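Let's take a walk through this protein together, one piece at a time. Have the picture open while you read.

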Amino acid sequence: MRMLKILLWKELIQIYRDPAIIRILFIMPMIQLLILPLAADYEIKNINLGVVDHDHTEYSRKLVSKIVSSGYFRLKDYSATFQQGLNAIESDKTDLILEIPPHFERDMVNENKAPLLVAVDAVNGVKAGLGGAYIQGIIQDDNQDIRAQWIPEQHFNPRPVIEVTTADWYNPHMNYRVFMVPGILVMLVTMIGSSFASNNIVREKEMGTIEQINVSPIGKAQFILGKLIPFWMLALTVLTIGLLIARFVYGIVPLGHYVTIYIFATIYLLAILGLGLLLSTYAQTQQQSMLVSFFVTMIFNLLSGLYTPIESMPAWAQMITRFNPVSYFIEVMRMVMLKGSGLADIKYQIFALLGFAVVFNGWAILNYRKRSG
(Lines give C-alpha, C1' and ligand atoms only; values in the text may rest on other atoms or scores of the structure.)
Protein backbone atom coordinates (compact mmCIF):
# COMPACT_ATOMS: atom_id res chain seq x y z
CA MET A 1 0.00 0.00 0.00
CA ARG A 2 2.89 2.36 0.79
CA MET A 3 4.37 1.74 -2.65
CA LEU A 4 1.01 2.52 -4.26
CA LYS A 5 0.76 5.81 -2.35
CA ILE A 6 4.22 6.81 -3.58
CA LEU A 7 3.24 6.02 -7.17
CA LEU A 8 0.03 8.02 -6.88
CA TRP A 9 1.89 10.98 -5.42
CA LYS A 10 4.41 10.84 -8.29
CA GLU A 11 1.65 10.76 -10.91
CA LEU A 12 -0.27 13.65 -9.35
CA ILE A 13 2.88 15.78 -9.19
CA GLN A 14 3.57 15.05 -12.87
CA ILE A 15 0.02 16.08 -13.80
CA TYR A 16 0.17 19.22 -11.65
CA ARG A 17 3.49 20.30 -13.20
CA ASP A 18 2.13 20.00 -16.75
CA PRO A 19 -0.27 22.92 -17.31
CA ALA A 20 -1.25 21.56 -20.73
CA ILE A 21 -2.83 18.50 -19.12
CA ILE A 22 -4.94 20.64 -16.80
CA ARG A 23 -6.12 22.81 -19.69
CA ILE A 24 -6.98 19.83 -21.89
CA LEU A 25 -8.67 18.00 -19.02
CA PHE A 26 -10.92 20.79 -17.83
CA ILE A 27 -11.20 23.71 -20.25
CA MET A 28 -11.61 21.91 -23.59
CA PRO A 29 -14.40 19.51 -22.49
CA MET A 30 -16.32 22.33 -20.86
CA ILE A 31 -16.19 24.46 -24.01
CA GLN A 32 -17.34 21.46 -26.07
CA LEU A 33 -20.19 20.77 -23.65
CA LEU A 34 -21.33 24.38 -23.96
CA ILE A 35 -21.22 24.38 -27.78
CA LEU A 36 -22.10 20.89 -29.02
CA PRO A 37 -25.61 20.54 -27.49
CA LEU A 38 -26.66 23.79 -29.17
CA ALA A 39 -25.79 22.34 -32.59
CA ALA A 40 -26.88 18.74 -32.00
CA ASP A 41 -30.56 19.21 -32.82
CA TYR A 42 -32.43 16.59 -34.85
CA GLU A 43 -35.34 18.92 -35.54
CA ILE A 44 -34.88 20.39 -39.01
CA LYS A 45 -36.14 23.93 -39.59
CA ASN A 46 -35.65 26.58 -42.25
CA ILE A 47 -36.33 24.20 -45.15
CA ASN A 48 -36.24 26.27 -48.34
CA LEU A 49 -39.61 26.05 -50.09
CA GLY A 50 -40.39 26.69 -53.74
CA VAL A 51 -44.03 27.20 -54.82
CA VAL A 52 -45.54 26.78 -58.28
CA ASP A 53 -49.10 28.12 -57.97
CA HIS A 54 -51.27 27.63 -61.06
CA ASP A 55 -54.49 28.38 -59.17
CA HIS A 56 -53.89 31.82 -57.63
CA THR A 57 -56.98 31.64 -55.45
CA GLU A 58 -57.60 32.59 -51.88
CA TYR A 59 -57.24 28.97 -50.72
CA SER A 60 -53.99 28.34 -52.54
CA ARG A 61 -52.54 31.48 -50.93
CA LYS A 62 -53.86 30.40 -47.52
CA LEU A 63 -52.23 26.98 -47.94
CA VAL A 64 -48.85 28.53 -48.78
CA SER A 65 -49.18 30.99 -45.90
CA LYS A 66 -50.01 28.16 -43.50
CA ILE A 67 -46.96 26.18 -44.60
CA VAL A 68 -44.61 29.15 -44.23
CA SER A 69 -46.05 30.22 -40.88
CA SER A 70 -45.41 26.72 -39.44
CA GLY A 71 -41.81 27.75 -38.78
CA TYR A 72 -40.30 24.79 -40.65
CA PHE A 73 -40.22 26.37 -44.12
CA ARG A 74 -38.87 29.53 -45.71
CA LEU A 75 -40.44 30.65 -48.99
CA LYS A 76 -37.44 31.11 -51.28
CA ASP A 77 -38.90 30.78 -54.77
CA TYR A 78 -42.22 31.49 -56.47
CA SER A 79 -42.04 30.12 -60.02
CA ALA A 80 -44.52 30.16 -62.87
CA THR A 81 -43.74 26.62 -64.09
CA PHE A 82 -42.58 23.37 -62.52
CA GLN A 83 -39.43 23.42 -64.67
CA GLN A 84 -38.46 26.80 -63.22
CA GLY A 85 -39.06 25.42 -59.72
CA LEU A 86 -36.89 22.39 -60.57
CA ASN A 87 -34.14 24.73 -61.73
CA ALA A 88 -34.31 26.42 -58.33
CA ILE A 89 -33.74 23.02 -56.65
CA GLU A 90 -30.84 22.19 -58.97
CA SER A 91 -29.20 25.51 -58.13
CA ASP A 92 -29.60 24.75 -54.36
CA LYS A 93 -31.96 27.69 -53.93
CA THR A 94 -34.79 25.48 -52.64
CA ASP A 95 -35.15 22.03 -51.04
CA LEU A 96 -38.77 21.29 -51.85
CA ILE A 97 -41.39 22.23 -54.49
CA LEU A 98 -45.11 22.52 -53.86
CA GLU A 99 -47.03 22.61 -57.14
CA ILE A 100 -50.68 23.70 -56.85
CA PRO A 101 -52.64 22.73 -60.01
CA PRO A 102 -55.22 24.91 -61.79
CA HIS A 103 -58.76 24.76 -60.34
CA PHE A 104 -57.41 23.58 -56.98
CA GLU A 105 -60.03 25.44 -54.96
CA ARG A 106 -62.90 24.50 -57.31
CA ASP A 107 -61.99 20.80 -57.28
CA MET A 108 -61.71 20.81 -53.51
CA VAL A 109 -65.16 22.31 -53.09
CA ASN A 110 -67.06 20.58 -55.90
CA GLU A 111 -65.36 17.20 -56.14
CA ASN A 112 -64.10 16.88 -52.57
CA LYS A 113 -60.58 16.16 -53.80
CA ALA A 114 -57.71 17.97 -55.53
CA PRO A 115 -54.21 16.71 -56.34
CA LEU A 116 -51.07 18.45 -55.10
CA LEU A 117 -47.51 17.70 -56.16
CA VAL A 118 -44.67 17.78 -53.65
CA ALA A 119 -41.17 17.23 -55.06
CA VAL A 120 -38.30 16.91 -52.55
CA ASP A 121 -34.55 17.19 -53.06
CA ALA A 122 -33.42 13.88 -51.52
CA VAL A 123 -29.65 14.48 -51.63
CA ASN A 124 -29.96 14.98 -47.87
CA GLY A 125 -32.15 12.01 -46.96
CA VAL A 126 -32.96 13.17 -43.43
CA LYS A 127 -33.91 16.65 -44.55
CA ALA A 128 -36.01 15.26 -47.42
CA GLY A 129 -37.82 12.77 -45.17
CA LEU A 130 -38.63 15.25 -42.43
CA GLY A 131 -39.49 18.04 -44.89
CA GLY A 132 -41.88 15.76 -46.77
CA ALA A 133 -43.49 14.62 -43.53
CA TYR A 134 -43.86 18.18 -42.23
CA ILE A 135 -45.58 19.48 -45.38
CA GLN A 136 -47.78 16.38 -45.62
CA GLY A 137 -49.05 16.99 -42.10
CA ILE A 138 -49.73 20.66 -42.80
CA ILE A 139 -51.62 19.86 -46.03
CA GLN A 140 -53.74 17.24 -44.28
CA ASP A 141 -54.57 19.71 -41.53
CA ASP A 142 -55.49 22.37 -44.08
CA ASN A 143 -57.59 19.86 -46.01
CA GLN A 144 -59.54 19.09 -42.86
CA ASP A 145 -60.22 22.78 -42.28
CA ILE A 146 -61.48 23.31 -45.85
CA ARG A 147 -63.78 20.31 -45.69
CA ALA A 148 -65.22 21.46 -42.40
CA GLN A 149 -65.91 24.90 -43.84
CA TRP A 150 -67.33 24.08 -47.30
CA ILE A 151 -68.97 20.69 -47.12
CA PRO A 152 -72.50 20.66 -45.60
CA GLU A 153 -72.42 19.54 -42.02
CA GLN A 154 -74.86 16.68 -42.56
CA HIS A 155 -72.51 15.14 -45.15
CA PHE A 156 -69.35 15.59 -43.19
CA ASN A 157 -68.32 14.12 -39.91
CA PRO A 158 -65.37 16.20 -38.69
CA ARG A 159 -64.58 13.67 -35.98
CA PRO A 160 -62.79 10.55 -37.22
CA VAL A 161 -64.08 7.20 -36.13
CA ILE A 162 -60.85 6.49 -34.26
CA GLU A 163 -58.97 9.44 -32.85
CA VAL A 164 -55.28 8.75 -32.28
CA THR A 165 -53.39 10.97 -29.86
CA THR A 166 -49.80 10.66 -28.69
CA ALA A 167 -48.04 11.45 -25.41
CA ASP A 168 -44.24 11.66 -25.20
CA TRP A 169 -43.07 10.13 -21.95
CA TYR A 170 -39.99 11.27 -20.00
CA ASN A 171 -39.28 14.11 -22.47
CA PRO A 172 -42.77 15.54 -23.11
CA HIS A 173 -41.55 18.65 -24.93
CA MET A 174 -39.16 16.64 -27.16
CA ASN A 175 -36.28 18.87 -26.07
CA TYR A 176 -33.19 17.58 -27.87
CA ARG A 177 -30.81 19.24 -25.42
CA VAL A 178 -32.25 17.13 -22.60
CA PHE A 179 -31.66 14.10 -24.79
CA MET A 180 -28.19 15.02 -26.08
CA VAL A 181 -26.39 16.66 -23.13
CA PRO A 182 -26.05 13.43 -21.05
CA GLY A 183 -24.74 11.55 -24.09
CA ILE A 184 -22.27 14.27 -25.07
CA LEU A 185 -21.00 14.41 -21.47
CA VAL A 186 -20.34 10.65 -21.60
CA MET A 187 -18.50 11.06 -24.91
CA LEU A 188 -16.25 13.81 -23.48
CA VAL A 189 -15.43 11.83 -20.32
CA THR A 190 -14.61 8.82 -22.50
CA MET A 191 -12.31 10.76 -24.82
CA ILE A 192 -10.49 12.41 -21.93
CA GLY A 193 -10.07 9.20 -19.94
CA SER A 194 -9.03 6.88 -22.76
CA SER A 195 -6.65 9.33 -24.48
CA PHE A 196 -4.70 10.23 -21.33
CA ALA A 197 -4.59 6.66 -20.09
CA SER A 198 -3.37 5.38 -23.45
CA ASN A 199 -0.49 7.88 -23.44
CA ASN A 200 0.52 7.21 -19.85
CA ILE A 201 2.66 4.06 -19.89
CA VAL A 202 4.08 4.70 -23.35
CA ARG A 203 5.23 8.11 -22.13
CA GLU A 204 7.37 6.35 -19.54
CA LYS A 205 8.84 4.26 -22.37
CA GLU A 206 9.78 7.31 -24.42
CA MET A 207 11.29 9.09 -21.40
CA GLY A 208 13.25 5.98 -20.45
CA THR A 209 11.89 5.90 -16.91
CA ILE A 210 10.08 2.60 -17.59
CA GLU A 211 13.41 0.78 -17.21
CA GLN A 212 13.88 2.24 -13.71
CA ILE A 213 10.36 1.14 -12.76
CA ASN A 214 10.97 -2.36 -14.17
CA VAL A 215 14.02 -2.94 -11.96
CA SER A 216 12.24 -1.52 -8.87
CA PRO A 217 10.24 -3.73 -6.46
CA ILE A 218 6.98 -2.20 -7.72
CA GLY A 219 4.42 -4.90 -8.50
CA LYS A 220 2.68 -5.08 -11.88
CA ALA A 221 -0.78 -4.52 -10.41
CA GLN A 222 0.55 -1.63 -8.28
CA PHE A 223 2.04 -0.02 -11.39
CA ILE A 224 -1.23 -0.28 -13.36
CA LEU A 225 -3.27 1.02 -10.41
CA GLY A 226 -0.80 3.88 -9.94
CA LYS A 227 -1.42 4.90 -13.56
CA LEU A 228 -5.18 4.37 -13.40
CA ILE A 229 -6.30 5.99 -10.15
CA PRO A 230 -5.13 9.62 -10.81
CA PHE A 231 -6.97 9.84 -14.13
CA TRP A 232 -9.96 8.06 -12.60
CA MET A 233 -10.15 10.90 -10.04
CA LEU A 234 -9.69 13.59 -12.70
CA ALA A 235 -12.34 12.03 -14.98
CA LEU A 236 -14.82 12.01 -12.09
CA THR A 237 -14.00 15.69 -11.54
CA VAL A 238 -14.70 16.39 -15.22
CA LEU A 239 -18.00 14.51 -14.88
CA THR A 240 -18.91 16.62 -11.85
CA ILE A 241 -18.23 19.88 -13.70
CA GLY A 242 -20.23 18.59 -16.67
CA LEU A 243 -23.21 17.75 -14.45
CA LEU A 244 -23.02 21.25 -12.96
CA ILE A 245 -23.06 22.78 -16.45
CA ALA A 246 -26.02 20.56 -17.39
CA ARG A 247 -27.91 21.77 -14.33
CA PHE A 248 -27.11 25.48 -14.28
CA VAL A 249 -26.67 26.18 -18.03
CA TYR A 250 -29.21 23.82 -19.62
CA GLY A 251 -31.50 23.41 -16.60
CA ILE A 252 -31.26 19.61 -16.72
CA VAL A 253 -31.96 18.13 -13.28
CA PRO A 254 -31.85 14.30 -13.10
CA LEU A 255 -35.09 12.61 -12.12
CA GLY A 256 -32.91 9.89 -10.58
CA HIS A 257 -30.23 10.28 -7.95
CA TYR A 258 -26.73 11.63 -8.55
CA VAL A 259 -25.36 8.76 -6.43
CA THR A 260 -26.60 6.29 -9.07
CA ILE A 261 -24.72 8.21 -11.77
CA TYR A 262 -21.49 8.30 -9.76
CA ILE A 263 -21.62 4.61 -8.83
CA PHE A 264 -22.00 3.64 -12.47
CA ALA A 265 -19.43 6.24 -13.62
CA THR A 266 -16.91 4.82 -11.16
CA ILE A 267 -17.20 1.35 -12.68
CA TYR A 268 -17.32 2.72 -16.22
CA LEU A 269 -14.11 4.71 -15.77
CA LEU A 270 -12.32 1.64 -14.43
CA ALA A 271 -13.25 -0.10 -17.69
CA ILE A 272 -12.45 2.72 -20.11
CA LEU A 273 -9.17 3.67 -18.35
CA GLY A 274 -8.21 0.00 -18.31
CA LEU A 275 -8.74 -0.06 -22.08
CA GLY A 276 -6.49 2.99 -22.44
CA LEU A 277 -3.76 1.39 -20.34
CA LEU A 278 -4.08 -1.82 -22.36
CA LEU A 279 -3.48 0.11 -25.59
CA SER A 280 -0.56 1.87 -23.91
CA THR A 281 1.14 -1.43 -23.08
CA TYR A 282 1.11 -2.39 -26.78
CA ALA A 283 2.22 0.97 -28.23
CA GLN A 284 5.87 1.95 -28.53
CA THR A 285 5.36 5.70 -29.03
CA GLN A 286 2.81 8.26 -27.89
CA GLN A 287 1.89 8.85 -31.53
CA GLN A 288 0.94 5.19 -31.96
CA SER A 289 -1.12 5.11 -28.77
CA MET A 290 -2.87 8.38 -29.61
CA LEU A 291 -3.86 7.23 -33.11
CA VAL A 292 -5.05 3.80 -31.95
CA SER A 293 -6.99 5.38 -29.08
CA PHE A 294 -8.60 7.84 -31.50
CA PHE A 295 -9.56 4.96 -33.83
CA VAL A 296 -11.13 2.88 -31.05
CA THR A 297 -12.87 5.83 -29.37
CA MET A 298 -14.32 7.02 -32.69
CA ILE A 299 -15.88 3.59 -33.34
CA PHE A 300 -17.21 3.43 -29.78
CA ASN A 301 -18.80 6.88 -30.01
CA LEU A 302 -20.40 6.34 -33.45
CA LEU A 303 -21.83 2.96 -32.37
CA SER A 304 -22.92 4.15 -28.94
CA GLY A 305 -26.45 5.24 -29.80
CA LEU A 306 -25.59 8.89 -29.23
CA TYR A 307 -26.47 9.96 -32.78
CA THR A 308 -28.28 6.92 -34.22
CA PRO A 309 -30.65 4.74 -32.17
CA ILE A 310 -29.12 1.30 -31.64
CA GLU A 311 -32.47 -0.30 -32.56
CA SER A 312 -32.19 1.29 -36.03
CA MET A 313 -28.76 -0.19 -36.72
CA PRO A 314 -28.28 -3.41 -38.71
CA ALA A 315 -28.08 -6.65 -36.74
CA TRP A 316 -24.29 -6.93 -37.01
CA ALA A 317 -23.85 -3.37 -35.67
CA GLN A 318 -26.24 -4.06 -32.79
CA MET A 319 -24.10 -7.09 -31.93
CA ILE A 320 -20.98 -4.88 -31.82
CA THR A 321 -22.69 -2.43 -29.45
CA ARG A 322 -22.95 -5.24 -26.86
CA PHE A 323 -19.15 -4.99 -26.56
CA ASN A 324 -19.13 -1.19 -26.48
CA PRO A 325 -18.84 0.27 -22.93
CA VAL A 326 -19.86 3.74 -24.14
CA SER A 327 -23.30 2.50 -25.25
CA TYR A 328 -24.01 1.23 -21.71
CA PHE A 329 -23.06 4.52 -20.04
CA ILE A 330 -25.10 6.63 -22.47
CA GLU A 331 -28.10 4.35 -21.93
CA VAL A 332 -27.72 4.57 -18.14
CA MET A 333 -27.25 8.36 -18.14
CA ARG A 334 -30.47 8.82 -20.11
CA MET A 335 -32.30 6.30 -17.90
CA VAL A 336 -31.26 8.03 -14.68
CA MET A 337 -31.62 11.62 -15.87
CA LEU A 338 -34.86 11.26 -17.87
CA LYS A 339 -36.65 8.28 -16.32
CA GLY A 340 -35.36 8.40 -12.74
CA SER A 341 -33.99 4.85 -12.87
CA GLY A 342 -32.21 3.44 -9.83
CA LEU A 343 -29.53 0.82 -9.26
CA ALA A 344 -32.02 -2.04 -9.57
CA ASP A 345 -33.00 -0.83 -13.03
CA ILE A 346 -29.42 -0.70 -14.30
CA LYS A 347 -28.05 -3.88 -12.70
CA TYR A 348 -27.47 -5.58 -16.08
CA GLN A 349 -25.43 -2.60 -17.31
CA ILE A 350 -23.43 -2.66 -14.06
CA PHE A 351 -22.59 -6.35 -14.47
CA ALA A 352 -21.55 -5.75 -18.09
CA LEU A 353 -19.24 -2.86 -17.11
CA LEU A 354 -17.71 -4.90 -14.27
CA GLY A 355 -16.89 -7.55 -16.87
CA PHE A 356 -15.25 -4.96 -19.14
CA ALA A 357 -13.25 -3.53 -16.20
CA VAL A 358 -11.93 -6.95 -15.14
CA VAL A 359 -11.02 -7.98 -18.71
CA PHE A 360 -9.32 -4.71 -19.76
CA ASN A 361 -7.36 -4.16 -16.55
CA GLY A 362 -6.42 -7.84 -16.16
CA TRP A 363 -5.27 -7.91 -19.78
CA ALA A 364 -3.23 -4.73 -19.24
CA ILE A 365 -1.52 -6.22 -16.16
CA LEU A 366 -0.71 -9.48 -17.97
CA ASN A 367 0.53 -7.72 -21.09
CA TYR A 368 2.72 -5.32 -19.11
CA ARG A 369 4.36 -8.26 -17.34
CA LYS A 370 5.06 -9.84 -20.72
CA ARG A 371 6.69 -6.66 -22.07
CA SER A 372 8.73 -6.03 -18.97
CA GLY A 373 9.83 -9.63 -18.49
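Which residues are buried in H2? Ile21, Leu25, Phe26, Pro29, Met30, Leu33 and Pro37 are, where buried means under 20% relative accessible area, exposed over 50% and partly exposed in between, with a 1.4 Å probe and protein chains only. Before going on, note that this is a predicted model, in which local features need pLDDT of at least 70, side-chain atom pairs count only at pLDDT 80 or more, and totals for chains, interfaces and linings use all residues. Residues are numbered from 1 along each chain as its sequence is written, and side-chain values use heavy atoms, with hydrogens and water left out.

**Two helices at the start**

Helices (H or I, at least four residues) and strands (E, at least two) are DSSP runs, numbered from the N terminus.

| Helix | Number of residues | First to last C-alpha | Expected span |
|---|---|---|---|
| H1 (residues 2–17) | 16 residues | 23 Å | 22 Å |
| H2 (19–39) | 21 residues | 30 Å | 30 Å |

H1 has its own buried set: Leu4, Leu7, Leu8, Glu11 and Ile15. They sit on the same side of H1 because they cover an arc of only 100° around the axis, taking the arc as that of the directions from the helix axis to the C-beta atoms. Here's the handy rule behind that kind of pattern: an α-helix has 3.6 residues a turn, so residues three or four places apart point the same way. Now look at the other side of H1, where Arg2, Lys5, Trp9, Tyr16 and Arg17 are exposed.

What covers those buried residues? For H1, the cover includes H2, helix H7 (176–207) and helix H9 (220–248), with contact meaning heavy atoms within 4.5 Å. For H2, the cover includes H1, H7 and H9.

**A four-stranded sheet**

Next comes an open sheet of four strands, in the order S2-S1-S3-S4 and with mixed pairing. Its edge strands are S2 and S4 (117–120), each pairing on one side only. From one strand to the next, the twist averages 25°. Two strands count as paired if DSSP finds at least two bridges between them.

S1 (residues 47–53) and S2 (residues 73–79) run parallel and are joined by six bridges. One of the pairs to look for is glycine 50 with its bridge partner in S2, aspartate 77. Together, S1, helix H3 (residues 58–69) and S2 make a right-handed β-α-β unit. Right-handed means that, with the strands pointing away from the viewer, the path from the first strand over the helix to the second runs clockwise.

S3 (residues 96–100) and S4 pair in the antiparallel sense, over four bridges. Here leucine 96 has valine 120 in S4 as its bridge partner. H3 packs on the sheet, touching S1, S2 and S3, and its direction makes about 160° with that of S3. Axes are lines fitted to C-alpha atoms, for helices over the stretch in contact, and angles run from 0 to 180 degrees between N-to-C directions. Helix H4 (residues 82–90) also packs on the sheet, touching S1, S2, S3 and S4, and its direction makes about 170° with that of S3.

**Two histidines in loops**

Histidine 56 is in the loop between S1 and H3, and has a positive phi of about 50° although it is not a glycine. Histidine 103, in the loop between S3 and helix H5 (104–110), has a positive phi near 65°. Histidine 103 is partly exposed, with a relative accessible area of 42%.

How values were computed
The expected span of a helix is 1.5 Å times one less than its number of residues.
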